[in-house]
Amino acid sequence: MARLPRNFKDGYSYHITTRCNNREFKLSKRVCREVFLYGIKKALLKYQFKLYGLCIMSNHVHYLIEPVCGADLSKIMHFLNWYTAMCFNRMLKRTGHFWEKRYYAEGFPPTDRQRALNTLRYIHGNPKAAKMRQSFFYDFSNYGSYEQLTDDGLTQWHPAFLQLGNSLEECARKYKGFCYRYKPKKKTPTKCHWGSRLLAGVSLSESNLSKKSHQGKHRANTRACGGNGRRRSSEGFPPIYHCQSTAHH
């Protein structure tokens with residue numbers, strides 16, 4: 001089924017989340033996160049978008065982006081995901097998809113100041129919510145640029161932040177207080193997986209599983225030996241067994 005096209009609007013800010021394939025912790029190494037920052041710098045030079053929020057976690061990344069025009073957002077994310085995937089696959093000596101399915105994107109207009117502040121706080125609060133840090137300061141988020149009014153060379157302050165006070169110092173102080181009042185919601189574990197629905201009412205004890213596994217191996221060995229104790233060559237395997245054996249090479 002074809003995916004529906006997204007309608008990204010001009011002037012909107014977008015909260016973007018990308019996750020590593022299978023939610024694996026492929027960004028745990030510091031060198032990977034530094035390469036990621038370099039990839040963001042290349043994307044900024046290429047597309048001239050505004051990056052308001054950033055947090056690189058161990059298996060996912062959060063951004064708050066305002067593209068020059070809405071249509072640019074797909075190009076930005078395509079470039080970022082392609083470039084970083086190419087780098088990480090070479091660094092980690094792996095192949096295949098690095099990023100998981102389609103990235104999450106949710107936008108809001110420039111007039112929604114509270115939404116902007118809530119999104120920034122959510123992004124900056126990720127390391128603390130994950131119990132990676134005791135405070136909001138984290139090497140690979142731009143929270144420090146908001147509280148300490150520093151320039152990290154990649155991000156800039158969101159207009160909603162600049163409207164918090166009459167001076168930058170007041171804005172920083174109010175944003176700090178806003179963040180430290182944050183209480184992240186506890187994520188409720190998934191109660192039912194689709195596979196459990198398919199197996200509803202089926203009860204397999206360990207002894208039954210072990211017995212069936214043993215019986216299956218016995219039948220397979222009997223077929224492989226042709227019933228006379230001599231093992232067949234690979235050419236004599238039924239097609240299904242031959243395909244399975246070659247698929248692992």
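**Close-ups of salt bridges**

Searching this whole predicted structure turns up five salt bridges, and the views here zoom in on some of them. Side chains of opposite charge can pair when their charged atoms come close.

**View 1. Glutamate 34 meets arginine 30 in a salt bridge.** The gap here, from N to O, is 3.2 Å. Why can these two pair up along the helix? They sit four residues apart in helix α1 (residues 30–47), so about one helical turn separates them. Glutamate 34 is partly exposed, at 39% relative accessible area, and arginine 30 is partly exposed too, at 47%.

**View 2. Arginine 30 also has a salt bridge with aspartate 139.** This time the closest N and O atoms are 3.3 Å apart. The pair ties together distant parts of the chain, 109 residues apart: arginine 30 belongs to helix α1, while aspartate 139 lies in the loop between α4 (126–129) and α5 (143–147). Is aspartate 139 buried or exposed? With 55% relative accessibility, aspartate 139 counts as exposed.

**View 3. Lysine 174 and glutamate 170 form a salt bridge.** Their closest N and O atoms are 3.2 Å apart. Both residues are in helix α7 (residues 168–180), four residues apart, so there is about one helical turn between them. Lysine 174 is partly exposed at 41% relative accessibility, whereas glutamate 170 is buried at 18%.

**View 4. Arg30, Glu34 and Asp139 belong to one network.** Salt bridges with shared partners do the joining here. Look for Arg30 in both bridges: one goes to glutamate 34, and another goes to aspartate 139.

Definitions and conventions
Residues are numbered from 1 along each chain as its sequence is written. This is a predicted model: local features need pLDDT of at least 70, side-chain atom pairs count only at pLDDT 80 or more; totals for chains, interfaces and linings use all residues. Side-chain values use heavy atoms; hydrogens and water are left out. A salt bridge is a side-chain nitrogen of Lys or Arg within 4 Å of a carboxyl oxygen of Asp or Glu. Buried means under 20% relative accessible area, exposed over 50%, partly exposed in between (1.4 Å probe, protein chains only).
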